[in-house]
Amino acid sequence: MSKLLSPFTMGSRHLANRIAMAPMTRSRNPDGIPGDLNALYYSQRADAGLIVTEGTPISPSGEGFLFIPGLYTPQQVAGWRKVTEAVHARGGAIFTQLWHVGRVSHVSNQPDGIQPVSSTGQIARNSQAWGMTPDGTPGAVDVSKPRALTTGEIYGVIADFADAAANAIKAGFDGIELHGANGYLIEQFLNPTVNDRTDEFRGDTLEGRTRFVLETVDAVIARIGAAHTAIRLSPYGGLFDMAIYPEIEETYLHLADELGRRNLAYVHLMDQKSRGSSALPPAFLAQFRTRYTGTLILAGGLTRARAEQLLDDGLIDIAAFGEPFIANPDLVDRLKNDWPLAPANRALHYGGGAEGYTDYPTYAPAYAGERASA
Ligand SMILES: Cc1cc2nc3c(=O)[nH]c(=O)nc-3n(C[C@H](O)[C@H](O)[C@H](O)COP(=O)(O)O)c2cc1C
């Protein structure tokens with residue numbers, strides 16, 4: 001009996017299987033408002049036990065990529081409602097990923113071209129956002145130098161996260177996942193090689209560097225409840241100029257304890273190896289699992305066999321798949337039947353419309369031979 005394909009109870013929520021669709025930015029919304037096309041895309045993939053939406057900015061200053069649907073205006077809330085209704089109509093569950101990019105941004109992504117904000121004034125080296133190039137066309141641009149948030153402003157950003165979480169519930173989401181991974185704002189506070197502050201959010205103490213994330217978690221819980229609150233983390237990740245530091249294990253195991261105490265919907269770990277960065281050390285996953293006993297999701301380079309193994313070993317509760325969901329809207333059926341997975345056209349990952357988004361077909365076994373030889 002496949003554990004991966006068996007139902008799972010997450011808190012009081014019934015999930016059809018232990019497969020999650022990982023959050024994926026697709027940049028299909030030039031006006032920042034989700035609509036029918038997004039509703040179709042997500043509903044096509046609603047066989048997943050849980051969908052986590054693309055990263056969704058909590059405020060205009062949280063933006064670092066063009067054409068991303070946000071969650072801070074009434075129009076965006078109404079747009080997301082179309083998405084949640086379409087997924088729920090197919091029996092799926094859907095969380096949205098709340099995102100503030102911090103310093104991974106360009107002045108062209110910012111309101112009135114102002115400087116991006118961060119825990120620090122240090123620029124992210126070798127890092128690119130997706131903004132307006134000098135010739136006025138959208139494209140990859142080196143990130144701009146950020147400005148360190150004042151202590152007072154930090155509390156404003158925490159409030160923005162809580163407001164966006166309340167908006168998510170208004171839009172019909174089952175919950176929210178804080179984007180604490182991949183080098184964005186939350187990780188810019190966690191990582192002491194970036195966080196050079198000297199106030200209560202300082203990077204050189206365990207309490208200081210974990211304060212921003214834990215205060216944000218608590219503010220969100222206060223607004224929407226712990227059962228609707230989740231978080232994604234990428235320990236040992238290197239994306240967007242995140243260096244490894246000596247206290248990394250201590251930092252994330254402290255978070256495991258603190259998050260465990262809060263009875264969240266889940267914690268979602270991401271292994272960045274399949275995204276071209278460093279792998280999550282296997283021994284660390286086991287350590288985290290011992291310290292955090294709530295629902296644990298892992299994403300990154302998983303196959304059915306690897307996911308079943310991790311589930312059988314008791315290391316995770318839910319396996320998340322990212323890129324495989326792009327070209328395989330029926331990924332759950334394909335995994336169930338051991339059907340081959342279609343490769344995605346990476347040139348169509350970001351930007352554009354339906355092509356490479358909602359036009360990937362489901363598997364047609366009758367034509368398998370024909371397609372394989374094509
Ligand atoms: C096109 C694309 C966009 C992504 N956007 C996000 C995002 O918005 N937020 C996030 O946390 N991870 C994002 N990721 C990472 C995925 O959630 C996932 O963790 C990663 O792709 C590893 O899983 P995989 O090997 O199954 O693809 C993205 C990945 C891809 C391929």
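Four elements, β5 (94–99), β7 (128–132), β14 (318–321) and α9 (324–327), each supply at least two residues to the lining of the largest pocket. Helices (H or I, at least four residues) and strands (E, at least two) are DSSP runs, numbered from the N terminus. The model is predicted: local features need pLDDT of at least 70, side-chain atom pairs count only at pLDDT 80 or more, and totals for chains, interfaces and linings use all residues. Residues are numbered from 1 along each chain as its sequence is written, and side-chain values use heavy atoms, with hydrogens and water left out.

**The largest pocket**
- On a 1 Å grid over the protein atoms alone, a pocket is an open set of points with protein on both sides within 12 Å along at least five of seven lines; a cavity is a set where a 1.4 Å probe fits but cannot get out; lining residues have an atom within 4 Å of a point.
- The largest pocket holds about 890 Å³ of space, a volume being the space filled by probe spheres set on the points, which are joined across faces, edges and corners.
- Its lining has 36 residues, of which P23, M24, M270, R275 and Y350 are the closest to the centre.
- β7 gives the most to this lining, with 3 residues.

**The ligand**
- The ligand takes up the space of the largest pocket; a molecule sits in a pocket or cavity if more than half of its atoms lie within 2 Å of its grid points.
- Around the ligand are 21 residues, and P23, T25, R232, S274 and G301 come nearest; a residue is near if one of its heavy atoms lies within 4 Å.
- A backbone N or O atom of P23 is 2.7 Å from a ligand oxygen atom, a polar contact being a pair of N or O atoms within 3.5 Å.
- A polar side-chain atom of T25 lies 2.6 Å from an oxygen atom of the ligand.
- In S274, a side-chain N or O atom is 2.6 Å from an oxygen atom of the ligand.
- The ligand alone exposes 610 Å², and the protein buries 95% of that (Shrake-Rupley method, 1.4 Å probe).

**The cavity**
- The count comes to 1 cavity of 30 Å³ or more.
- The largest cavity has a volume of about 40 Å³.
- Residues lining the largest cavity include E187, N191, S234 and Y236.

Conventions:
Polar contact = N/O pair within 3.5 Å; in protein donor to acceptor, adjacent residues only side chain to side chain.
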